[in-house]
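Subject: Structure for you to look through

Hello,

Here is the structure I said I would pass on. Please open it beside this message and follow along.

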Amino acid sequence: MKNKAIILILVMLASISLHAQQKNPVIYADVPDMSMIRVGDAYYMSSTTMHMAPGVPIMKSKDLINWEIVNYAYDILEDDDQMNLANDKNSYGKGSWASCIRFHEGMYYVSTFAGNTGKTYIYTTKDIEKGPWTEHSFRPSLHDHTLFFDDDGKIYMIWGVKKLSIVELKDDLSGIKPETQRVIIENASAPAGDNIMLGAEGSQLFKINGKYYLFNITWPRGGMRTVVIHRSDNIMGPYEGKLGFQDKGAAQGGMVDTPDGKWFAYLFRDNGAVGRIPYLVPITWEDDGPVIGVNGKLPETLDLPENKGLIPGIVASDEFKRKKGEPDLPLVWQWNHNPDNRFWSVTQRKGYLRLTTGRIDSDVLTARNMLTQRTIGPVCSGTICMETTKMKVGDFAGLCLLQSGYGLVGVKMMGDKKYIYMVNTSSGQPVEQASIPTSSKKVYFKAECDFRELKDMAYFYYSLDGKTWNPIGEPLKMKYTLTHFMGYRFGLFNYATQETGGYVDFDYFNIHNKITQ
């Protein structure tokens, strides 16, 4: 009897450990403006990456928790000066914004828009993980739209801020049918009150059991980001609205079901310098539609499988060693703006990323070919090893924490000598806080990020042997800014200030979810 009791207790403990262990947020990294679908037992999610290339990441999961980037909707959004960081132009905070992912009659659709190009884009493929993708684009740019395929075969988009409009698309996705455009909701913010700071936007439309449910985000002045939901029996309206969810500022998104009949809202929440991070919130159904939250609140834990590791598939270390047939860069990497493919390589020297200077730049924010990936919370560190023997006079290369308020550590070639530099912009301007002579051919750099309780502090280090780490400069106070409109990213960079053709070789980039501070 005693043994049976022990076995029963162990079974109960095992059962508890398998349930409600996954904590919110489900991804502690910058994955904003999510749109999500389920196809069979697989979930696919798209998100915003703006000025990065490739763009509109496609992420896959089998359990809503463990996500992996499996593709991008495009390699480059446009080949122009803004996206190329050329002629004193840039696309920081611009480029492609909130996307919408859909599956209809065997075809996957990912739509987005860009205010700086004035266009709406729809990318289509039959194989969302392997492609190829076909681009359809047209004017105008439909802000924060939702793409929707109705049962009668018509294709619609709903978009706008506060005043929401609908339009039917041409069957070949080449443009809109102007005569079909009409306003369907005059003031979509109304369910949240009449003192609104951010008008309702971020539309995502769903049809469940014959009824249309339109999700939007709004922001009452003095309050928090809020979900509003409108319901109608007809896509053209009339729509009745209600306040859908209001807790901890988690908002903008939609809903998805599981194969076993559970429903979740997917929302994001502003979380300081790490960016806008995704949450899942359970949904129950009542007579008037979806009810979000546990007693109206955002739960700390979820009855879903536990995350298996260091945000697998969202960030990753890289030794830059490539087997035959592998892509040059894993999908966790994105370039800051369009790359110039003439000046980077992982094949010129096996096992290394080579960044070669191809033009003269004034600072790191104007430098082309910075290779980036996300930082993660609550803490993380990024470490590189870099060989500097082929740098030219005026070259500056190293490791950056990218945002408009950036910090970096690297090697600068001045005359025939090299110096380890740290640059800090906590004051609002870039300040060189350290200059240490070095004759080492190989240097190591590390940046640590502490996002706990919105501390948002970064610390920089250098090493000459990869073992003994020396702090350098003052800590960087990281700030999320609308100028870049994304969380901080690790960036590997090399730019020239005097002459081109110099290069550095990066041996590895390692990311960890621990710091020494």
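A residue is called buried here when its relative accessible area is under 20%, exposed when it is over 50%, and partly exposed in between. By that cut-off, buried residues make up 58% of the 517 residues in the chain. Please keep in mind that this is a predicted model.

The chain as a whole

The chain has 1 helix and 38 strands. Its radius of gyration is 24 Å, close to the 24 Å that the globule rule gives for 517 residues, so the chain is as compact as a globular protein of that length. The C-alpha trace spans about 75 × 75 × 50 Å along its principal axes. Of the contacts with a separation of 6 or more, 58% are accounted for by residues 24 or more positions apart.

Strand β8 (residues 107-114) is mostly covered, with 7 of its 8 residues buried. C100 stands opposite S111 in β8. C100 counts as buried because its relative accessibility is 1%, and the limit for buried is under 20%. The hairpin of β7 and β8 has 2 residues between the strands, and E105 in that hairpin takes a positive phi near 50 degrees.

β8 also pairs with strand β9 (residues 119-125), again in the antiparallel sense, over 7 bridges. There, T112 has Y121 in β9 as its bridge partner. The hairpin of β8 and β9 has 4 residues between the strands, and in it G118 takes a positive phi near 75 degrees.

An open sheet

Strands β19, β20, β21 and β22 form an open sheet of 4 strands in that order, with antiparallel pairing. Its edge strands are β19 (251-257) and β22 (289-292), each of which pairs on one side only. On average, neighbouring strands of this sheet are turned by 35 degrees against each other, direction ignored. Within the sheet, β20 (residues 263-270) and β21 (residues 276-286) run antiparallel and are joined by 8 bridges. W263 stands opposite I283 in β21.

Cysteines

How many disulfides does the count come to? The count is 0. A disulfide is a covalent bond between the sulfur atoms of two cysteines. C380 is in no disulfide, as the nearest cysteine sulfur, that of C449, is 4.2 Å away, while the cut-off for a disulfide is within 2.5 Å. C380 is buried, with a relative accessible area of 0%.

Is H230 buried or exposed? H230 lies in strand β17 (residues 226-232) and is buried, with a relative accessible area of 3%. Not counting residues up to four places away in sequence, H230 touches I185, A188, P191, Y212, Y213, L214, Y239, E240 and G241.

G473 is found in the loop between β35 (470-471) and β36 (476-477). With a relative accessibility of 36%, G473 counts as partly exposed. Leaving aside neighbours within four places in sequence, G473 is in contact with M422, Q433 and A434. G473 and Y461 are 12 residues apart in sequence, and their C-alpha atoms are 8.5 Å apart in space.

Backbone details in the loops

A cis peptide bond joins R139 and P140, with omega about 5 degrees. P140 is in the loop between β10 (134-138) and β11 (146-149). Another cis peptide bond joins G377 and P378, where omega is about 5 degrees. P378 lies in the loop between β27 (371-374) and β28 (379-387).

N369 has a positive phi of about 65 degrees although it is not a glycine. N369 is found in the loop between β26 (353-356) and β27, and it is buried, with a relative accessible area of 6%. L454, also a residue other than glycine, has a positive phi near 60 degrees. L454 is in the loop between β33 (442-450) and β34 (457-463).

Regards

Note on methods: Residues are numbered from 1 along each chain as its sequence is written. This is a predicted model: local features need pLDDT of at least 70, side-chain atom pairs count only at pLDDT 80 or more; totals for chains, interfaces and linings use all residues. Side-chain values use heavy atoms; hydrogens and water are left out. Buried means under 20% relative accessible area, exposed over 50%, partly exposed in between (1.4 Å probe, protein chains only). Contact means heavy atoms within 4.5 Å. Two strands pair if DSSP finds at least two bridges between them. Axes are lines fitted to C-alpha atoms, for helices over the stretch in contact, and angles run from 0 to 180 degrees between N-to-C directions. The radius of gyration is taken over C-alpha atoms; the globule rule is 2.2 Å times the number of residues to the power 0.38.
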